[in-house]
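Take a look at the fold below.

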Amino acid sequence: MPLFARLSGVFALALALLAPCAASAEPSMIYLVRHGEKALEGKDPELSPQGRLRAQNIATMLGKTGIAHIFSTATRRTRQTAQPLAQASGVQVQEYDPRTPRALVEKVKALSGPVLVVGHSNTLSELVRLFGGQPGLEIADNEYDRLYQLIPGAGGSVATVLFTSPPATGPAP
């Protein structure tokens, strides 16, 4: 068999084996959290000491998940919530516009690897729904401890796991 024919066959086999991987460019896991507790003053408040502790706890919880992408809104409190994990994992925080949640969902669905999204109480439930998850009750103003894990499955199904990040606050979901 000529060399060209053999190489063509090997190349075709390699493409056939790799095609499903390329077609399934989808995050392996999506984590969504609300920013940590915020200071009470200012138009764009920073995290309070308790919020900084929560951000560190989230980084610890997700530190071994292999987070490949981190998204945050432009507010200081969301960026500060994402920062400990970004520093620990060496992943740069990408900003998203909370007014265009579908754009974020489409961007994340085109990625591979685990993803963290840091949002707000009034936008997080909608993001969970748009990703195909089940958000449960709406997030109360005094609730900062929900951590959603969305697990993409076969045929577009999404399993939702709800964790809490210490220290606990607000009503139980």
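**A covered strand and its sheet**

In strand β1 (residues 30-34), 5 of the 5 residues are buried, so the strand is mostly covered; buried means under 20% relative accessible area with a 1.4 Å probe, protein chains only. Strands here are DSSP runs of E, at least two residues long, and helices are runs of H or I, at least four, both numbered from the N terminus. This is a predicted model, where local features need pLDDT of at least 70, side-chain atom pairs count only at pLDDT 80 or more, and totals for chains, interfaces and linings use all residues. Residues are numbered from 1 along each chain as its sequence is written, and side-chain values use heavy atoms, leaving out hydrogens and water.

In a regular strand the side chains alternate between the two faces of the sheet. On one side of β1 lie Ile30, Leu32 and Arg34, on the other Tyr31 and Val33, and all are buried.

Two strands pair if DSSP finds at least two bridges between them. β1 runs parallel to β4 (residues 115-119), with 5 bridges. Ile30 is partnered with Val115, and Tyr31 with Leu116. To β5 (residues 146-152), β1 is antiparallel, through 4 bridges. There, Val33 stands opposite Leu147.

The whole open sheet has 6 strands, ordered β3-β2-β4-β1-β5-β6, with mixed pairing. β3 (93-95) and β6 (158-164) are at the edges with a single partner strand each, so one side of each has no neighbour in the sheet.

Helix α3 (residues 76-89) packs on this sheet and touches β1, β2 (69-72), β3 and β4. Contact means heavy atoms within 4.5 Å.

How values were computed
Buried < 20%, exposed > 50% of the residue type's maximum accessible area, 1.4 Å probe, protein only. Axes fitted to C-alpha atoms, helices over the stretch in contact; angles between N-to-C directions.
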